[in-house]
Amino acid sequence: MPRRPDMPPLQHSALADDPIDQFRDWYERAEREVALAHAMTLATVDAHGAPDARMVLLKGFGPEAFRFFTNLSSAKARHLEATPRAALVLYWRELDRQVRIRGPVEPLPEASSDEYFASRPHDAQVGAWASPQSEPLPDRAALDARVEEVEERFSAGKVPRPPFWGGYALRPEEIEFWQGQAARLHDRFLYTREADGWRLERLAP
């Protein structure tokens, strides 16, 4: 991708002291210019150290953590139980930018999961109950039948959060900001958490 005229080389002096402030700046622009700006890759390892990755949605971030939600019986949840560390990657092709985030992961409090689940569209709430995520299904009809059963079960009122569904918080130890440049001489800056704050350094492309 050729260099965009509004994306000059990224300089150390232009970055915020706190990576969360820097992420917020990039993320808010991505929300304006990129479809599914909150889509991100979640990379985990299983109990044997074998890596895996899949797309999930970023559902909030702040000074302490980046948050996402899933079925707690899924493969990713089993991986996080065995090895509670993960990496996230958000890639915004339209801006030629990516952010890489690494750190330990812990379950969110049930109240946080309840609050977010209540905000989901009805169909997504039903789907959370209906899908035995990561488990084999004989055919699509079996899934559709499960959806119908859930719709009937909760036809009289709101859909509660399933006990097997919840959220996670990744607490960042490293956050890298990557901006594409010509000839693959990309700009990369890595924030590393230290006892008294964050260290920021430029990395070679």
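Which residues does histidine 79 touch, not counting residues up to four places away in sequence? They are Thr44, Val45, Asp46, Asp52 and Arg54, with contact meaning heavy atoms within 4.5 Å. Before going on, the basis: this is a predicted model, in which local features need pLDDT of at least 70 and side-chain atom pairs count only at pLDDT 80 or more, while totals for chains, interfaces and linings use all residues. Residues are numbered from 1 along each chain as its sequence is written, and side-chain values use heavy atoms, with hydrogens and water left out.

Back to histidine 79, which lies in helix α2, residues 75–82. Helices here are DSSP runs of H or I with at least four residues, strands are runs of E with at least two, and both are numbered from the N terminus. Histidine 79 counts as buried because its relative accessibility is 11%. The cut-offs are under 20% relative accessible area for buried, over 50% for exposed, and partly exposed in between, with a 1.4 Å probe and protein chains only.

Next, helix α3, residues 110–119, where glutamate 115 lies. Glutamate 115 has 63% relative accessibility, so this residue counts as exposed. From glutamate 115 to arginine 161 is 46 residues in sequence and 9.2 Å in space, C-alpha to C-alpha.

Now the aromatics. The structure holds 16 aromatic pairs. Rings of Phe, Tyr and Trp (its six-membered ring) pair if their centres lie within 6.5 Å; planes under 30 degrees apart are stacked, over 60 edge-to-face, and the rest tilted. Tyrosine 116 and tryptophan 165 are a stacked pair, because their ring centres are 6.0 Å apart and their planes at 15°. Tyrosine 116 is in helix α3 and tryptophan 165 in strand β6, residues 165–170, so the pair ties together parts 49 residues apart in sequence. Both tyrosine 116 and tryptophan 165 are buried.

Phenylalanine 177 and tyrosine 191 pair edge-to-face, at 5.6 Å centre to centre and 75° between the planes. Here strand β7, residues 174–179, holds phenylalanine 177, and strand β8, residues 187–194, holds tyrosine 191, so this pair ties together parts 14 residues apart in sequence. Phenylalanine 177 and tyrosine 191 are buried too.

One aromatic cluster is formed by Phe23, Tyr27, Phe61, Phe66 and Trp92.

Last, a charge over a ring: arginine 97 has its charged end over the ring of tryptophan 26, 4.1 Å from the ring centre. The criterion is NZ of Lys or CZ of Arg within 6 Å of the ring centre and within 35 degrees of the ring normal.
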